[in-house]
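Biologist: Please put the model up. I would like to go through its fold and its charged side chains with you.

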Amino acid sequence: MAAAEHAAQKHPYHLVDPSVWPLVGSIGGVVLAFGTALFMHPDMFGAAHKDSIAALGVWKIAPGILIVLTTMWFWWKDVIRESRTYHTPVVQLGLRYGMILFITSEVFFFMAFFWAFFDASLYPGAANMPGRAEATGGVWPPKGIHPFDPFDLPLMNTLILLTSGTTVTWAHHAILEGDQKNAVRGLLLTVLLGGFFTCVQVYEYANAAFGFREGIYPSTFYMATGFHGFHVLVGTIFLAVCLFRAMKGHFKPDHHFGFEAAAWYWHFVDVVWLFLFFAIYWWGMGNAVPAVH
């Protein structure tokens, strides 16, 4: 019935059919947020229930994750099906504008973290910022902080992401030429490199010489690099979906916006990392002695 209605329409726009998945996804988000809060604060319902709640461990977040993953699977399946039928050139143009605006909003999102970092690092002893001089010792990085050596794991991750930028571009050119085999190869390498980056960052965090709550340097460092790591994870999933679609032959030289959106997002992630590497890892370490592992 829905397909017949779309076939009979007299305009090139895609009017999305009613779907239950936005509602289910919203419920999953609320359940996941509540479970995460309960995981971090077992005493939310009082000390009497603290031990029993703490005993549940990570299972407190399992229902939310299950609902979110189920929503992702079925909703994305619907979107992929719709994209192959109803994404006319006019619809694709609107989606491109939407993706550009989304990435613009992400730029401002990371700008807030860089603002916080540079405000603290350029003015570590600012008299108009109560408590800052005491917290930093008037120097940056603050006394007692041993930052990462920028030419160790951070440089490795920089090379990983730069390489992934070339492989995703290779995949893009292959799609434009109708070369499915090389498109799959490029996407597979990009997904593997994205996963490798995440593994290196997890190892880096596990061996850090400072914790999140140990002052203004750790908090600005982990917020900026941690959210970037989250974006890498999202981008890797985005590209993994594209990989499976490429294996099924969904992408055509003139119809592959799903891949284009993923590629734009991945290049944005690459650029943000370059700013993080040069500003926070390299310049931000100042004259401090890097941690030795």
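What follows is a short exchange on this predicted model.

Biologist: How many helices and strands does the chain have?
Modeller: Read along the sequence, the pattern is α-α-α-α-α-α-α-α-α-α. The C-alpha trace spans about 70 × 50 × 35 Å along its principal axes. The secondary structure comes to 10 helices and zero strands.

Biologist: What share of the contacts between residues at least 6 apart joins residues at least 24 apart in sequence?
Modeller: The chain has 293 residues, and buried ones make up 37% of them. For contacts between residues at least 6 apart, the share joining residues at least 24 apart is 74%.

Biologist: UniProt lists residues 153-171 as a transmembrane region. What is the helix content there, and how far apart are the end C-alpha atoms?
Modeller: That listing comes from an unreviewed entry, which also includes 183-203. Over 183-203 the model is 100% helix, with end C-alpha atoms 31 Å apart. Residues 153-171 are 100% helix and 0% strand, and their end C-alpha atoms lie 27 Å apart.

Biologist: Where is the kink in helix 10 centred?
Modeller: Helix 10 covers residues 257-282, 26 residues in total. At 1.5 Å a residue it should span 38 Å, and its end C-alpha atoms are 36 Å apart, which agrees. Still, helix 10 has a kink of about 30°. The kink is centred on L276.

Biologist: Which residue forms a salt bridge with R96?
Modeller: The closest N and O atoms of the pair are 2.5 Å apart, inside the 4 Å cut-off. R96 lies in helix 5 and its partner in helix 10, so the pair ties together parts 164 residues apart in sequence. The partner is E260.

Biologist: The count is two salt bridges. What is the N to O distance between R81 and D78?
Modeller: Both residues lie in helix 4, three residues apart, about one turn of the helix. An α-helix has 3.6 residues a turn, so residues three or four places apart point the same way. R81 is partly exposed at 45% relative accessibility, and D78 is partly exposed at 22%. Their N to O distance is 3.9 Å.

Biologist: Which side chain of opposite charge is nearest to R245?
Modeller: R245 lies in helix 9, residues 216-247. Its contacts include I80, S83, R84 and H250. R245 is buried yet has no salt bridge. The nearest side chain of opposite charge is 11 Å away, and it belongs to E82.

Note on methods: Residues numbered from 1 in each chain as written. Predicted model: local features only at pLDDT ≥ 70, side-chain atom pairs only at ≥ 80, totals over all residues. Heavy atoms only, no water. Helix = DSSP H or I, 4+ residues; strand = E, 2+ residues; numbered from the N terminus. Expected span 1.5 Å × (residues − 1). Bend = angle between axes of the 7 residues up to and from the residue. UniProt positions renumbered as here; feature names shortened; annotations may be inferred. Buried < 20%, exposed > 50% of the residue type's maximum accessible area, 1.4 Å probe, protein only. Lys, Arg positive; Asp, Glu negative; His and termini not counted. Contact = heavy atoms within 4.5 Å.
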